[in-house]
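The following questions and answers concern one protein structure, shown below. Please keep the sequence and the model in view while reading.

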Amino acid sequence: MQYFARSDIGKVRAINEDSVLALTREGYHLFIVCDGLGGHLSGEVASSLAIQTIADFIDTHYGEGEFADCKRLIEESLQAANRKIYHESLSDQQLSNMGTTAEVSLVVDEDLYIGHVGDSRVYLHREGALTQLTIDHSLINDLIASGSVTPEDAKNMGQRNIITRALGVESGLLVDLHTMTLKSGDILMMCSDGLTNGVEDDKIHEVLELPIEPEEKVDMLIYMANASGGYDNSTIILAEMR
């Protein structure tokens, strides 16, 4: 597996509230993207706390007894991060109401395990097709799912930044979990909405099709997000199965 991760502040924001982690340990690869929310510096704190807590939990408990089930390992790591952020927000007024999205991908041999909360995304590029593996936990997506608005109408609506699930905003957390088997040639892409709000899926697909290295693809996608306005931080992980 070959991978590359990068986070970019964009052209408008004063602070990068995204956090990213891509690492390899004995037995697994771990990829995390978090997009923080809240005033002052609280979004940056929330996303950083999430990354640290999730990675530490998985590193400590990987392959251990009840956590030999990787789906449970990921869910409990996210629950631990939720508790940590929630308690920190209650104990420090400056961090009140902070939260973060979280995308966690754990790759063990050819098996992929995903934990998802919020509106950051995980995609799979396989055999010339790009598929979004996660469902946005957002007000816009709920309106589309209910038939209240069409996907085309939603592109022109405000309130695109209102999410319906995040780590740290409540004591309890509902996590979406997915599993699948990866194949040679697959490309796993994880990203914050700074990319997807600025670059359409068909343009992302065109970049992923190019016969260039993951780092070059990531740099190209971030350039495209900034060229479209760079209104938000953009964070991307690309991992290619070789």
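Q: Is T100 buried or exposed?
A: Burial is judged by relative accessible area, found with a 1.4 Å probe on protein chains only: under 20% is buried, over 50% is exposed, and values in between are partly exposed. T100 has a relative accessibility of 0%, and therefore it counts as buried.

Q: What kind of model is this, and how are its residues numbered?
A: Residues are numbered from 1 along each chain as its sequence is written, and side-chain values use heavy atoms, with hydrogens and water left out. Local features need pLDDT of at least 70, side-chain atom pairs count only at pLDDT 80 or more, and totals for chains, interfaces and linings use all residues, since this is a predicted model.

Q: In which strand is the place of T100?
A: Helices (H or I, at least four residues) and strands (E, at least two) are DSSP runs, numbered from the N terminus. By this naming, T100 belongs to strand β4.

Q: Which backbone oxygen does the side chain of T100 reach?
A: A polar contact is a pair of N or O atoms within 3.5 Å; within protein, one must be able to donate a hydrogen and the other to accept it, and residues adjacent in sequence count only if both atoms are side-chain atoms. At 3.2 Å, the side chain of T100 reaches the backbone oxygen of D35.

Q: How many of the residues of β3 are buried?
A: β3 pairs with β2 in the antiparallel sense over eight bridges, and five bridges join β3 to β5, again antiparallel. The strand is mostly covered, and its buried residues number nine of ten.

Q: Which residue in the hairpin of β2 and β3 takes a positive phi?
A: T24 stands opposite H29 in β3. The hairpin has two residues between the strands, and the positive phi, near 100°, belongs to G27.

Q: Which residue caps the N-terminal end of α2?
A: Helix α2 (residues 70-91) has 22 residues and reaches 32 Å from its first C-alpha to its last. Among its buried residues are L73, L78 and I85. What covers the buried residues includes α1 (42-61) and β9 (176-181), with contact meaning heavy atoms within 4.5 Å. At the N-terminal end, a side-chain oxygen lies 3.0 Å from the backbone nitrogen of K71, and the capping residue is D69.

Q: Which strands stand at the edges of the open sheet of five strands?
A: The order of the sheet is β1-β11-β10-β7-β8, with antiparallel pairing. Each edge strand has a single partner, so one side of each is left without a neighbour in the sheet; these strands are β1 (2-8) and β8 (129-132).

Q: Which helix packs on this sheet?
A: The twist of the sheet averages 15° from one strand to the next. The helix touches β7 (121-126), β8, β10 and β11, and is α6 (residues 201-208).

Note on methods:
Expected span 1.5 Å × (residues − 1). Pairing = 2+ DSSP bridges. Axes fitted to C-alpha atoms, helices over the stretch in contact; angles between N-to-C directions.
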